[in-house]
Amino acid sequence: ATVLIQGESGTGKELVARRLHHLSERARRPFVRVNCAAIPSELIESELFGHEKGSFTGAHRRQIGKFVQADSGTIFLDEVGDMSLSTQAKVLRVLQDGEVEPVGAGRPFQVDVRVVAATNKDLPANVREATFREDLYYRLAVVVLVTPPLRDHPDDIPLLVDHFTAHFCREYNRRPKRWGPGAIEQLRRHRWPGNVRELKNVVERAIYMAAGERLTAEDVDGALPPEAHEPGRAAVN
């Protein structure tokens, strides 16, 4: 089924998408990620669907689009809510008919692609505002998964910290480090606006900077971003 993953930035939407792919019957086939927000609107159709040589100014060679690269596998459309309406119409055609037409090709090609999309936007609200196609939304949202913000599951913080600590100690060739109760409590109280991605960054910084093998609340303070210590941004449970 086509899957739509919804959640704030940094909650692990791409990890969920990759896990879906690896658990599927397409696991041995390509997994192709496209960040729809990072590609300029005038280039995204060429990136997704490809183009023929000479089809527009600067098209000096033929380019295979991401949908064709993902044929028989999975394409992950990250930040799908940032697509233009014209690109949305072409993505809808792929979902409906399994056809991709490269820019300048003049004829479509059949592809067999599973689509997993992700967004941090409120797509139903965007549909009401006519900035996202309703028909595409329902095609994407066959199965909807929600990645919750880290502040909603603080009990997972110690597990995530242990995982990231082991990873970065190996990466930086450091001796195993332990987190004191005060350090863990400090991490639990932080709001984590950047979610798990921010937690991973803080753990990495603390391990890289800490002198001892036991990390303290002071180490956490030094690893948190400066804005975390600003007045009016008190930690919450």
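Predicted model: local features only at pLDDT ≥ 70, side-chain atom pairs only at ≥ 80, totals over all residues.
## Confidence of the model

Averaged over the protein chain, pLDDT comes to 90, and 92% of the residues score at least 70. Confidence is highest in strand β1, residues 3-7, where it reaches 98, and lowest in strand β3, residues 50-51, where the mean is 77. Over residues 231-237 pLDDT stays under 50, and for this stretch the model has 11 contacts beyond four places in sequence.

## Overall build

The secondary structure of the protein chain comprises 10 helices and 11 strands, and its C-alpha atoms fill a box of roughly 65 × 40 × 35 Å along the principal axes.

Of the 237 residues of the protein chain, 41% count as buried. The chain exposes about 13,000 Å², and carbon and sulfur atoms supply 49% of that area.

## The largest pocket

The largest pocket holds about 620 Å³ of space and is lined by 22 residues, with Gly10, Thr11, Gly12, Lys13 and Leu15 lying nearest its centre. By class, the lining has 6 nonpolar, 9 polar and 7 charged residues. Helices α1 (13-22), α7 (157-171) and α9 (195-209) each supply at least two residues of the lining.

## Valine 161 in helix α7

Valine 161 has its place in helix α7, one of the elements that supply at least two residues to the lining of the largest pocket. Valine 161 counts as buried because its relative accessible area is 0%, where the cut-off for burial is under 20%.

Leaving aside neighbours within four places in sequence, valine 161 is in contact with Trp179, Ile184, Leu187, Leu199 and Val203.

## Threonine 2 before strand β1

Threonine 2 lies in the segment before β1, the strand in which confidence is highest. With a relative accessible area of 15%, threonine 2 is also buried, since that value falls under the 20% cut-off. Its contacts, again leaving aside neighbours within four places in sequence, are with Leu95, Val115, Arg139, Leu140, Val142 and Val143.

Notes: Residues numbered from 1 in each chain as written. Heavy atoms only, no water. pLDDT = per-residue confidence, 0-100. Helix = DSSP H or I, 4+ residues; strand = E, 2+ residues; numbered from the N terminus. Contact = heavy atoms within 4.5 Å. Buried < 20%, exposed > 50% of the residue type's maximum accessible area, 1.4 Å probe, protein only. 1 Å grid on protein atoms, 1.4 Å probe; cavity = no way out; pocket = protein on both sides within 12 Å on 5 of 7 lines; lining within 4 Å. Points joined across faces, edges and corners; volume = space filled by probe spheres on them. Nonpolar A, V, L, I, M, F, W, Y, C, P; charged D, E, K, R; others polar. Areas by Shrake-Rupley, 256 points an atom, 1.4 Å probe, with all protein chains shown as cover.
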